[in-house]
Structures are given as structure tokens and as C-alpha cells.
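Please look over the model below before reading on. The text then takes it one region at a time.

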Amino acid sequence: HADMDRSATYEQDYDLWLAGVSAILLALGLIMVASSSIPIAAKNGYIDLYYFWRQVAALLLGVGIGFIILQIPLTVFDRMSSVLLIMGIAFLAFILVPGIGREVNGSIRWLQLGPITIQASEPMKFAVIVYISSYLVRHQTHVQTDFIGFIKPIGVMTLVSALLLLEPDFGAAVVILATTLGMLFLGRVPLVRFSAWSLVALSILASLAMLAPYRVQRLMTFLDPWSDPYDSGFQLTQALIAFGRGEWFGVGLGNSIQKLFYLPEVHTDFLFAVLAEELGMLGTLLVIALFMFLVWRIIYIGSEAQRRGQDFSGYLAYGVALIIGIEA
């Protein structure tokens, strides 16, 4: 009976489908980092698998932190939601202080702690979904019936977005605002009110994008990269060439030509383009399918939690699914 109880508890506590698809994506990521980073490692005077081993170290650190998080009851996060949000906002403001944040390509988004670099928006994403999850549970009736109940979290996210835009990190601001709206929608905000504020948020973000010339340039380049293939459209055209070379089945693992200094940031920002070249259309469809399954599984877990009356856990799962889904 003890063995059966332990088995039942294991099945309830850990979703093997979720763990399995996560493991496959992590393994595929490690393989592609190894394949794409060898030329740049050699150029910088490192051993061939330098960036691969850095990624392995980051993965082990992440798994270790994840194991610690698993030991903390979710009620602790629920009680500390406001504290986590304040800490996240303070961190965003802290890195904007001259001389503290690390500047890369004109943006101040990172804090250097010895060998580790932390991007300020990442802990903020976690703080946001914890805070909104707790808010939806504590003020569920007000969110669904009162204008004030709906606008309060929007106001908080506007402050967070403003700090992100000062870095500037337009992408993170869009992801966090979209995730907040998605969680409020799942919190059963009336459709008319939700639609109206979604249009307002979209209009504000579009206006902010248009105010910065480089964002307008990036949008125009995205629409027609071939209009300037050797300057503003260079990155995107090279990525498209990688996709084209991959055809259906790819040129084979390790055989990418585009990773030989045609694609910038090849082992980070343009990793998917290398995967498309080496593993082809089938490889890209596999990655998309894995992410779709991952997001669906997290939403399923959230719905199961809500069905059992664990609303905070359910909303938290929805928030994680939205963050991962929007970014993917």
C-alpha cells in the first residue's frame, strides 16, 4: 500500500508529458548550440565546444534552481506576490542607474554578476505572472464586474512597461503586457471591456513603436528585407537563405554554410535559422509542434488545477503558457 501511495503521489505531482517535451526541447537546443557555435568559438580563440559547455552549465543551474522551486509550496508565492512585483520593479529601476547596468548594442538591460549576466526583464516576467495570478484570486469578483478591478493591474503593467521602454526593451514590454491581458481574459473579464482595453494597449504600443525611427526601420525591413539586402535587411535575408538551403530534410547536422559568419549572433538570436538549414522543413515543424504541445500541456495542467479549486495554481500555469507561447 505504501508503494502504491508513493506511485499515486508521483503521478499527481509530476506530469511526465510535460517533463518529456521539455527534455526534448532542451536536448535539441544543446545540439544546435554545439553545431552553430563552433566557428565563432574558434574565431574568438576558445575550444570548439566552449559555448556548448556554457549552455550546459546554464542548463544545470536552471535545473538546480527548478529543483529548489519545487520544494516551495505555491501558497508562499501567493502570499509574496506583491513583494516579488516590487522587487522586480526595483530591479528594473536599479539597472537604469548610470554605471550599474551593462550596455550592449545601445541597450541597458543586463546586470553583470561575475560570470553570470542577468537580464532584468526575465525575473520581472515571473513576478508579473505571480502577481496577476494572486490578484485574480483575491479580486475575482471585482475583475469581472468593476472597471477599477480590471484597470488596477493594467496600471501596474503600464509602469513596468515604461521602465522596460527606458532600457529600451520593446519586445519584453509587449510580451509582459500581452501576457497580462491574456491572463485577465482567462480571468473572465467581460469581453467588451477586454476588447476595448486591448485596442487601447495596441494603439499605445503602435504609437511608441512609430516614435522610434529604428523600430519603424525594423518593421519596414521585416516587410521587405530584399529592398536593402546588404545593410538593414542583411540579417533577415541571410536567415531566409538558411531556410531556403534547408529545403525539406536539411543539409545535415553540422553542415550549415550560413553559420560561417553570414548570420550574426548565430548561436543565440539566429539559432532557429541554423536549425532550419541543417534539419530542414521537417526540423522546423518538429520544433513548432513541440512548443505547441508544451503550451497546450501547461494550459491543460492549469485547467486541471482550477477544476480542483486551485485557482492560483491554475492562473499561474496559464501565465507560464502565455509567456512561453507568445515568445515562441
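Residues are numbered from 1 along each chain as its sequence is written, and side-chain values use heavy atoms, leaving out hydrogens and water.

Start with confidence. pLDDT is the predictor's confidence in each residue, from 0 to 100. The protein chain has a mean pLDDT of 85, and 94% of its residues reach 70 or more. Among its elements, H13 has the highest mean (95) and helix H1 (residues 2–13) the lowest (48). Over residues 1–11 the pLDDT is below 50, and beyond near neighbours in sequence this stretch has 1 contact in the model. Contact means heavy atoms within 4.5 Å. Where pLDDT is low, the predicted coordinates should not be read in detail. Helices are DSSP runs (H or I, at least four residues), as are strands (E, at least two), numbered from the N terminus.

Next, the surface. A nonpolar patch of about 930 Å² includes Tyr14, Leu61, Phe67, Ile72 and Leu113. Helix H3 (residues 50–70) supplies its largest share, 6 residues. Ile72 sits in the loop between H3 and helix H4 (74–79). Its relative accessible area is 31%, so Ile72 is partly exposed. Buried means under 20% relative accessible area, exposed over 50%, and partly exposed in between (1.4 Å probe, protein chains only).

Now the aromatic rings. Rings of Phe, Tyr and Trp (its six-membered ring) pair if their centres lie within 6.5 Å; planes under 30 degrees apart count as stacked, over 60 as edge-to-face and the rest as tilted. By this rule there are 11 aromatic pairs. Tyr50 and Tyr51 are edge-to-face, with 5.0 Å centre to centre and 85 degrees between the planes. Tyr50 is partly exposed at 25%, whereas Tyr51 is buried at 14%. Phe293 and Trp296 are tilted, because their planes meet at 50 degrees, with centres 5.5 Å apart. They are 3 residues apart in helix H13, so about one helical turn separates them. Ring pairs link Trp17, Phe293, Trp296 and Tyr300 into a cluster.

Arg297 also lies in helix H13 (residues 271–307). Is Arg297 buried or exposed? Arg297 counts as buried, because its relative accessibility is 12%. Leaving aside neighbours within four places in sequence, Arg297 contacts Asp15, Trp17 and Leu18.

Finally, Thr179 belongs to helix H9 (residues 170–186). Its relative accessibility is 0%, so Thr179 is buried. Not counting residues up to four places away in sequence, Thr179 touches Ile129, Gly319, Leu322, Ile323 and Ile326.

Methods
This is a predicted model: local features need pLDDT of at least 70, side-chain atom pairs count only at pLDDT 80 or more; totals for chains, interfaces and linings use all residues. Patches are made of residues with over 30% relative accessible area and no salt bridge: like charges are joined within 9 Å, nonpolar side chains (Val, Leu, Ile, Met, Phe, Trp, Tyr) within 5 Å. Accessible areas come from the Shrake-Rupley method with a 1.4 Å probe; for residues, only the protein chains shown count as cover. A salt bridge is a side-chain nitrogen of Lys or Arg within 4 Å of a carboxyl oxygen of Asp or Glu.
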